[in-house]
Amino acid sequence: MRYLTFALGKGRLANETLALFEKIGITCEEMKDKDSRKLIFTNEELKLRFFLSKGPDVPTYVEYGAADIGVVGKDTILEEGRKVHEVLDLGFGKCRMCVCGYKASAALLKHHELIRVATKYPRIAKDYFYNTKHQTVEIIKLNGSIELAPIVGLSEVIVDIVETGSTLKENGLEVLEEVCPLSARMIVNPVTMRMESERIKGLIMRLREQV
Ligand code: PRP
């Protein structure tokens, strides 16, 4: 049996994924040592390997087959546009991709004005405005704290993740339109999907019973 390699997006998603895997008997004791500087962890018995990477790199590892399986947010899957199979909604990390701004900016969306849109997700924003809304906009890529953009006058609206809505509320902004719902997803390399189909199907079945 060959090793199956998992790439997990660093942070909360990885912790929830490991907790879910534990429920179906997949454990990786090595990974629990917080002081370890090791990058890759092995479960010899089950022939599994795990590594943590930046979220946006997970679909890259999976497309190239450096990882067979990845767990990452739907936002990252859409933004990266890699050739991977999305096989399961894991049900956690639920949030929404939304167009947000000051209430007064709703009219700019309604009347299809040429506006500026700040976002960490230019591909998702472009697809939404051009293909769904048919509105020409200028997209400005930012790397974080996106809510600042309308406040300081960089853009009229933003496309960003909304979870509890408290960041928006505390900054006087609101959801103007919903782009799509998001959650953690399992993705699989297309070759692994064919070559290891029984193992992958078994894994999906056992996970599905838990989510
Ligand atoms: C995300 C997102 C929002 C916030 C939404 O940012 O970009 O800013 O969380 O969560 P809320 O609706 O529960 O307030 P994150 O904290 O990941 O950091 P970033 O702004 O640097 O991207």
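Buried means under 20% relative accessible area, exposed means over 50%, and partly exposed lies in between (1.4 Å probe, protein chains only). This is a predicted model: local features need pLDDT of at least 70, side-chain atom pairs count only at pLDDT 80 or more, and totals for chains, interfaces and linings use all residues. Residues are numbered from 1 along each chain as its sequence is written, and side-chain values use heavy atoms, with hydrogens and water left out.

**Aromatic pairs**

The structure holds 5 aromatic pairs. Rings of Phe, Tyr and Trp (its six-membered ring) pair if their centres lie within 6.5 Å; planes under 30 degrees apart are stacked, over 60 edge-to-face, and the rest tilted.

Phe6 sits in strand β1 (residues 4-9) and Phe50 in strand β3 (residues 48-53), 44 residues apart. Helices (H or I, at least four residues) and strands (E, at least two) are DSSP runs, numbered from the N terminus. Both Phe6 and Phe50 are buried. With Phe21, Phe6 and Phe50 form one aromatic cluster.

Phe51 is in strand β3, and Tyr61 is in helix α2 (residues 58-63), 10 residues apart. Phe51 is buried, at 11% relative accessible area. Tyr61 is partly exposed, at 33%.

**Ser53**

Strand β3 also holds Ser53. Ser53 is buried because its relative accessible area is 5%. Beyond its neighbours within four places in sequence, Ser53 contacts Leu8, Gly9, Lys10, Val58 and Tyr61. Contact means heavy atoms within 4.5 Å.
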